[in-house]
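Subject: A structure for you to look at

Hi,

Here's the structure I said I'd pass on. Have a look at it first, then read my notes below.

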Amino acid sequence: MPARRGPVVRILGKGMQQIVANRVAVVTGGASGIGLGISERLAARGDRVALLDVQGDVARKVAEDLNAKGAQAVGLEVDVRDRAAVDAAMDTVRRTFGPIAIAVTSAGVDADGSFTEIVWETWERVLAINLSGTFHCLQSVVPDMLAAGWGRIVTISSSSAQHGAANRAHYVASKGGVIALTKALALELAPHGITVNTIPPSVIDTPMAHAGQAAGHFPGVDAVAAVTPVRRAGVPADIAAACEFLCSEDAGFITGQQIGVNGGWYL
Ligand SMILES: NC(=O)c1ccc[n+]([C@@H]2O[C@H](COP(=O)([O-])OP(=O)(O)OC[C@H]3O[C@@H](n4cnc5c(N)ncnc54)[C@H](O)[C@@H]3O)[C@@H](O)[C@H]2O)c1
């Protein structure tokens, strides 16, 4: 079990403070793709990282690999739809590392299908994971940030919710909800030293993108790269770099924003 040390805090006066080191970060969906890239990036900068994912074995293996490189990470099996499981996992993170200062919500599922053919069960599942799962995770950790007077929240939404997308109404609606939740929380939490921003990626080269390609949802990562203004596909490291910045002290005046990381495609 990694050694537990308290966060390094800089007191700013008037009840304000910064957590400058030994930060504790929770990344949902940390076992794969964008969440994995973000977990690796935060671990590399010295944050203690908890990877929460429904693929528990994979999350634990990723954490083991990170720890073998000198990081402090833990992998936990959680279905973000299950509030009791989310709360229990956050308690494990607190016992292992201390209060949670950073939350990144990347757990999500893709979906496609014409609007008239979407069945209620699929609509409910997509909304439950992508939107309600984000709600559960954030409501479970925000009290730590309120108590500390400092926090960083980054949600992973989707560029499809910025401009719309045909045959994906459930997915797009769920991600539009994530953007709106982000904006609402940003205003509510801003006076408490907590910033809340969203990254709405365009197509990023991950297992989800390849599954969509195989299922014929979109023409493929390479085809998208060819028409992207920067002429390459996005990779998890692109999202992770922006996320690291949003979680930094330097980003303290940025909140409620949609930070597009999209190679200039969806402007
Ligand atoms: N890849 C893209 O092109 C793209 C574009 C826009 C937005 N996004 C969003 O980025 C996020 C990450 O996607 P990705 O491309 O890395 O996909 P991915 O499939 O590689 O990773 C998603 C992770 O979420 C986990 N997950 C799924 N359901 C879960 C649940 N109920 N509880 C806990 N964990 C769960 C999966 O096990 C997986 O590890 C998603 O929210 C996705 O909607 C991806």
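This is a predicted model: local features need pLDDT of at least 70, side-chain atom pairs count only at pLDDT 80 or more; totals for chains, interfaces and linings use all residues.

**The ligand**

With that in hand, there are 28 residues around the ligand, and S32, D53, Y171, K175 and T206 come nearest. In S32, a side-chain N or O atom is 2.6 Å from an oxygen atom of the ligand. K175 also has a side-chain N or O atom facing a ligand oxygen, here at 2.7 Å. V54 uses its backbone instead: a backbone N or O atom there is 3.2 Å from a nitrogen atom of the ligand.

**α4 and α6**

Now for the helices. Take α4 and helix α6 (residues 169–189), whose axes come within 8 Å and cross at roughly 15°. Angles under 35 degrees count as roughly parallel, so α4 is roughly parallel to α6. The crossing is right-handed. On the α4 side the contact includes W123, L127, L131, F135 and L138, and on the α6 side it includes Y171, K175, V178, L181 and L185. Sorted by class, this contact has 15 nonpolar, 6 polar and 1 charged residues.

**α3 and α4**

Helix α4 (residues 120–148) also meets helix α3 (residues 83–97), with axes that come within 9 Å and cross at roughly 35°. Again, α3 passes α4 in a right-handed crossing. From α3 the partners are R83, V86, D87, M90 and R94, and they meet F135, H136, C137, Q139, S140, V141 and D144 in α4. By class, that gives 5 nonpolar, 3 polar and 4 charged residues.

**α1 and α9**

What angle do helix α1 and helix α9 make where they pack? For α1 (residues 33–44) and α9 (residues 236–246) the angle is about 50°, with the axes 8 Å apart. That makes α1 oblique to α9, and the crossing is right-handed. G33, I34, G37, I38, R41 and L42 of α1 make the contact with P236, I239, A240, A241, C243 and E244 of α9. The class count is 8 nonpolar, 2 polar and 2 charged residues.

Cheers

Definitions and conventions: Residues are numbered from 1 along each chain as its sequence is written. Side-chain values use heavy atoms; hydrogens and water are left out. Axes are lines fitted to C-alpha atoms, for helices over the stretch in contact, and angles run from 0 to 180 degrees between N-to-C directions. Helices (H or I, at least four residues) and strands (E, at least two) are DSSP runs, numbered from the N terminus. Angles under 35 degrees count as roughly parallel, over 145 as roughly antiparallel, 65 to 115 as roughly perpendicular and the rest as oblique. A crossing is left-handed if the near helix is turned anticlockwise from the far one by less than a right angle, and right-handed if clockwise. Contact means heavy atoms within 4.5 Å. Ala, Val, Leu, Ile, Met, Phe, Trp, Tyr, Cys and Pro count as nonpolar, Asp, Glu, Lys and Arg as charged, and the others, Gly among them, as polar. A residue is near a molecule or strand if one of its heavy atoms lies within 4 Å of it. A polar contact is a pair of N or O atoms within 3.5 Å; within protein, one must be able to donate a hydrogen and the other to accept it, and residues adjacent in sequence count only if both atoms are side-chain atoms.
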